[in-house]
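Please look at the sequence and the three-dimensional structure shown here, and keep both in view while reading the briefing that follows.

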Amino acid sequence: SCLSGYLKKHDHKVYLLFDHLFFNKSYFRNEKIKKLFSIEGEFINKIKEIQPDLIGFSVVTANYQWALEKARLFKKHFNIPIIFGGPHPTIVPQDVISNSQVDMVAIGEAEESLLELADSDFKRKDTRGIWFKHNGKIFKNPIMPLEQNLDKYPFPDDNLFYEQLPPSYRLTPTVMTSRGCPFSCTYCGNQTMQKLYKGAGDFHWVRQRSVANVISELLWRKGQHGSKHFIFMDDIFSSKLEWLREFVQQYKDKIRLPFNCLSHPNIVQEETIKLLKEAGCILIDFGLQTGCPKIRKEVLNRNEDNDKVVKITQFCKKYKLNFAVDCILNIPFDNEQTIKESIIFYNSIRPNIINCFKLLYFPGTKIIEIAKKAGIINEKDEEMIVKGQRNRYASMGINNDKTLDDYQKYAFLLTAMPLLPKKLVEKIINNNKLFAITGNFPSCLLVFIKVAVQLKAGFGFIFFNVIKNEIFYLKQYSKNKKVLL
């Protein structure tokens with residue numbers, strides 16, 4: 001939507017093809033049923049109708065194989081150049097452009113590159129930030145320097161997909177007030193992106209839009225789309241207190257809607273929590289990932305200490321601001337002792353939500369080398385991570401039975417912790433039999449626990465949005481297929 005907004009501002013036409021991924025999502029996947037709900041025929045008909053000059057795919061590691069599959073389909077029917085952009089192609093452009101169905105790869109933030117390319121009728125082979133494949137040769141152009149003034153860009157073109165997406169995307173939209181993250185966690189692609197831009201001119205990696213620009217977007221969304229709740233998806237929301245003070249004042253005066261955001265214990269101060277609560281923040285999420293300082297520092301390259309985390313969470317409780325923490329399981333060198341240490345720490349700070357995830361390995365990240373040293377993955381596994389093969393992309397299923405066990409063993413107790421009395425959790429931790437039982441609950445029960453926790457924290461709308469979204473997609477599919485459900 002950012003790219004579309006910028007291209008449309010310069011008089012180019014942009015269209016969207018959206019795949020509902022029926023029965024092919026992380027929370028429900030069935031290979032046989034998904035084939036019955038394929039919309040590939042609609043894609044082909046739409047491309048025939050539009051007659052585009054370029055077909056683009058926004059690609060992350062998780063959808064890389066999907067993108068290759070669809071690009072292969074389009075190449076069978078059309079002689080239209082195809083470009084892949086986004087985090088995955090940016091980090092492993094050589095692998096991506098080696099696929100016969102990919103003609104170009106956009107590297108890094110692509111507004112300026114794509115505009116320069118479009119202005120040349122998609123023929124300019126020296127466009128910065130674009131790799132080209134032509135007559136068997138690959139033209140590897142240098143990356144485009146980072147734009148420092150984010151106010152230069154128009155608001156994201158959400159109208160591009162609102163007709164194809166459910167109302168929840170209008171009512172609870174995601175908003176970015178900045179770009180870039182000041183940290184370099186080993187499991188995150190942010191560290192690799194920073195390296196790519198070194199030598200591409202003077203720049204600040206973390207860039208912040210002006211308060212006036214952000215408020216204008218929020219007013220636009222509130223007025224045009226009837227937005228009721230904003231989700232700020234900055235890696236770190238408001239790292240500068242001066243910016244936050246101005247933002248909160250204007251937000252209270254002009255917006256007055258609930259929101260949630262992400263932050264980091266090393267950046268947040270007491271005044272930060274106080275200001276966020278005043279503005280209407282109902283949840284702040286800290287990506288802590290583990291309660292064990294040794295694993296956090298030595299494996300994940302996160303340097304916040306537990307005393308600092310305790311202090312920040314006490315401020316949250318003081319100002320009655322709900323907080324969540326993220327917890328990654330299957331971390332290299334994590335074991336039952338360090339995970340128990342995490343559980344004990346989480347129980348001491350008592351978050352309103354604990355989001356548990358399996359560790360995902362992204363290409364080019366330092367965690368891959370650490371996992372090799374731990375004997376969890378090997379060279380072949382790394383090749384499959386680069387190719388976005390699902391069974392290797394996630395840590396589950398790689399070589400070693402331990403990677404299958406940690407999430408199953410500990411996710412239930414961690415997720416359910418906000419619903420359980422503190423003393424009961426202590427009893428479970430100290431009783432090996434009770435502790436073992438919590439790792440043997442069926443995985444389907446975890447869904448209900450997550451819903452109960454979200455309801456208690458005032459975030460139940462997320463679960464209900466998922467159900468409403470699926471119903472919406474089925475209705476859209478029925479309408480397009482002219483099938484009576």
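Is E298 buried or exposed? With a relative accessible area of 55%, E298 is exposed, where buried means under 20% relative accessible area, exposed means over 50%, and partly exposed lies in between (1.4 Å probe, protein chains only). This is a predicted model, in which local features need pLDDT of at least 70 and side-chain atom pairs count only at pLDDT 80 or more, while totals for chains, interfaces and linings use all residues. Residues are numbered from 1 along each chain as its sequence is written, and side-chain values use heavy atoms, with hydrogens and water left out. The helices (H or I, at least four residues) and strands (E, at least two) named below are DSSP runs, numbered from the N terminus.

**Salt bridges**

- Side chains of opposite charge can pair when their charged atoms come close.
- A search of the whole structure finds 27 salt bridges, a salt bridge being a side-chain nitrogen of Lys or Arg within 4 Å of a carboxyl oxygen of Asp or Glu.
- One of them joins R207 to E109, with the closest N and O atoms 2.7 Å apart.
- Because R207 lies in strand 10 (residues 207-208) and E109 in the loop between strand 5 (104-106) and helix 7 (111-119), this pair ties together parts that are 98 residues apart in sequence.
- R207 counts as buried at 2% relative accessibility, whereas E109 is partly exposed, with a relative accessible area of 22%.
- R207 and E109 also belong to a network of salt bridges that links E109, E111, R179 and R207.
- Another salt bridge brings together the side chains of R128 and E116, at 4.0 Å from N to O.
- This pair links distant parts of the chain, with R128 in the loop between helix 7 and strand 6 (130-134) and E116 in helix 7, 12 residues apart.
- R128 is partly exposed, its relative accessible area being 37%.
- E298, the residue of the opening question, forms a salt bridge with K294, and their closest N and O atoms are 3.1 Å apart.
- E298 and K294 are four residues apart in helix 14 (residues 293-298), so about one helical turn separates them.
- K294 is exposed, with a relative accessible area of 52%.

- In helix 21 (residues 422-430), the residues V425, I428 and I429 are buried.

- The axes of helix 12 (residues 241-254) and helix 13 (residues 270-279) come within 9 Å and cross at roughly 15 degrees, where axes are lines fitted to C-alpha atoms, for helices over the stretch in contact, and angles run from 0 to 180 degrees between N-to-C directions.
- That angle makes helix 12 roughly parallel to helix 13, since angles under 35 degrees count as roughly parallel, over 145 as roughly antiparallel, 65 to 115 as roughly perpendicular and the rest as oblique.
- Among the residues that make this contact are L241, L244 and V248 of helix 12 and L275, L276 and A279 of helix 13, contact meaning heavy atoms within 4.5 Å.
- Helix 17 (366-373) and helix 18 (residues 379-386) pack at an angle of about 155 degrees, with their axes 11 Å apart.
- Helix 17 is therefore roughly antiparallel to helix 18.
- The contact is made by I368, E369 and K372 of helix 17 and by E379, E382 and I385 of helix 18.

**Helix 10 and two single residues**

- In helix 10 (residues 190-197), N190, Q191, T192, M193 and Y197 are buried, and what covers the buried residues of helix 10 includes helix 5 (87-91) and helix 17.
- Just after helix 10, G199 takes a positive phi of about 90 degrees.
- S342 has its place in helix 16 (residues 336-349) and is buried, with a relative accessible area of 5%.
- Not counting residues up to four places away in sequence, S342 touches T290, G291 and C292.
- K409, found in helix 20 (residues 402-416), is partly exposed, with a relative accessible area of 36%.
- Leaving aside neighbours within four places in sequence, K409 is in contact with T438 and G439.
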